[in-house]
Amino acid sequence: MLNRMRRIAGIQAATALAAVLIFSDTAAADEADGAWTDIADSLFADRPLAADDLVALEAPYRAEDAALVPMTIRTALPAGDRRQVSKLVLVIDNNPAPVAASFELGPDTGLTEISTRVRVNSYTPVHAVAEFSDGSLHVAEVFVKASGGCSAPMSKDPEQAMANLGQMKLRQFGQTSGEAPASASQAEAQLMIRHPNNSGLQMDQLTRNYIPAHFVREVTIRQGDALIFHMEGGISLSEDPNFRFDFAPNGQPISVEAVDTEDDVFTREWPSAKAAPQG
């Protein structure tokens, strides 16, 4: 009799725990949905957001390093669709500053894919929104398990980081040994910027004081006078910002201007994407 009562009590406890877990998961999902609804209303007002296959977001479900989480946004229009992508927005819903980066694309830039690395502060949905030239908005969503990314300490010595502040490198792919890009109409490049990108939530390990926020807030990439993209970023971008993207080369030199929150301006120029070696 006593054993039977214990079994019944155990079943009741397990059932109660399962109910609590289900309720917690439902509450967390409702909270996440509510956060995205508020963010979307703030960014896009009452404009409809279509969840379809015109935009995709790639990110790890469980990040290896919450301070360096890779994210890739891809867009794909049907054959014959003459619209262009005019804007891409990356939102990390549960980060202290959810908008990680917003990319304004130049006309005829040919950009269909862009990758970067971000900080993720807690388990969160992540959204990518693409705006097309007809004004329509399209959204993709993934869920990322990571925590502590916004407060994670720098990976480099602060003095070394400041000594290299603003140094830039542009890699151009498919051009090793002077080869032309794989496609004459499309090229790929990767921009790397040396910058601590302090979030304002990190603690100095010696003084135990918070390190002031200091991050790259704007990046503008052009080929000649033609804009490839203009990025506005926040504290969610990782240390040493990194952007890999495709574009339609026009044979003109590629120039970059980066501006940080201290109004430091960093510039550099490279030869044409069609003729430049890696560097």
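1. Tyrosine 123 sits in the loop that runs between strand E6 (113-118) and strand E7 (124-132); strands here are DSSP runs of E, at least two residues, numbered from the N terminus. With 42% relative accessibility, tyrosine 123 counts as partly exposed (buried is under 20% relative accessible area, exposed over 50%, partly exposed in between, with a 1.4 Å probe and protein chains only).

2. A word on the source: this is a predicted model, where local features need pLDDT of at least 70, side-chain atom pairs count only at pLDDT 80 or more, and totals for chains, interfaces and linings use all residues. Residues are numbered from 1 along each chain as its sequence is written, and side-chain values use heavy atoms, without hydrogens and water.

3. Now the sheet. It's open, has 9 strands with mixed pairing, and reads E1-E8-E7-E4-E5-E12-E11-E14-E15 (two strands pair if DSSP finds at least two bridges between them). Strand E1 (49-50) and strand E15 (265-270) are the edges, each pairing on one side only.

4. Strand E4 (residues 85-92) runs antiparallel to strand E5 (residues 99-105), and 5 bridges join them. Valine 91 has valine 99 in E5 as its bridge partner.

5. E11 is worth a look on both sides. Strand E14 (residues 254-260) is antiparallel to strand E11 (residues 216-223), with 7 bridges, and glutamine 223 is partnered by isoleucine 254 in E14. Strand E12 (residues 226-233) also pairs with E11 in the antiparallel sense, over 6 bridges; here valine 219 stands opposite methionine 231 in E12.

6. Check the turn, too: the E11 and E12 hairpin has 2 residues between the strands, and glycine 224 takes a positive phi near 65° there.

Definitions and conventions: Helices (H or I, at least four residues) and strands (E, at least two) are DSSP runs, numbered from the N terminus.
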